[in-house]
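Subject: Structure for you to look at, with notes

Dear colleague,

Here is the structure I said I would pass on, with the sequence alongside. My notes on what was found follow below it.

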Amino acid sequence: MYVILVYDIGEKRVGKMLKLCRQYLNWIQNSVFEGEITPVKLKELLKKAKRLMDMDNDSIIVFKSRDIKWLDKEIIGLEKNPLDTML
């Protein structure tokens, strides 16, 4: 499946969350990631992310699609991840 993951994490935990998400998805900009991931790997990522989070103050949003071809993506301005153009 193809996902877009966005997080809003406290400043003290943001570095660890960035490092974790980069192991599974492509870093697009600041706290935004995208990429193909299996349901099992996504579950693993979210389980690890929940351990880092303060559930009263932090959040993660995951947008899911069966395939990237179902999304139209338009970039205005500087593209932060040039490898993404290969998708």
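Arginine 13 is partly exposed, with a relative accessible area of 23%; buried here means under 20% relative accessible area, exposed over 50%, and partly exposed in between, computed with a 1.4 Å probe on protein chains only. Before going further, please note that this is a predicted model, in which local features need pLDDT of at least 70 and side-chain atom pairs count only at pLDDT 80 or more, whereas totals for chains, interfaces and linings use all residues. Residues are numbered from 1 along each chain as its sequence is written, and side-chain values use heavy atoms, with hydrogens and water left out.

Salt bridges

Arginine 13 forms a salt bridge with aspartate 58, and the closest N and O atoms of the pair are 2.8 Å apart; the term stands for a side-chain nitrogen of Lys or Arg within 4 Å of a carboxyl oxygen of Asp or Glu. Because arginine 13 lies in the loop between S1 and H1 and aspartate 58 in the loop between H2 and strand S4 (59–65), the pair ties together parts that are 45 residues apart in sequence. Helices (H or I, at least four residues) and strands (E, at least two) are DSSP runs, numbered from the N terminus. Aspartate 58 counts as buried, at 8% relative accessibility.

By this rule the count comes to 3 salt bridges. Lysine 41 pairs with glutamate 44, with closest N and O atoms 3.8 Å apart, and glutamate 44 also meets lysine 48 in a salt bridge, again listed at 3.8 Å from N to O. Lysine 41 and glutamate 44 are 3 residues apart in helix H2, so they are separated by about one helical turn, while glutamate 44 and lysine 48 lie 4 residues apart in H2, about one turn of the helix.

Leaving aside neighbours within four places in sequence, isoleucine 37 is in contact with Met1, Val3, Tyr24, Leu25, Leu42 and Leu45, where contact means heavy atoms within 4.5 Å.

In H1, Met17, Leu20 and Cys21 are buried. They cover an arc of only 95° around the axis, which puts them on the same side of H1; the arc is that of the directions from the helix axis to the C-beta atoms. The buried residues of H1 pack against S1, strand S3 (32–36), H2 and S4.

The strands

S1 and S3 pair in the antiparallel sense over 5 bridges, two strands being counted as paired if DSSP finds at least two bridges between them. The bridge partner of leucine 5 in S3 is phenylalanine 33, and tryptophan 27 also stands opposite phenylalanine 33. Strand S2 (residues 26–29) pairs with S3 in the antiparallel sense over 3 bridges, and S2 and S3 form a hairpin with 2 residues between them, where asparagine 30 in the turn has a positive phi of about 40°.
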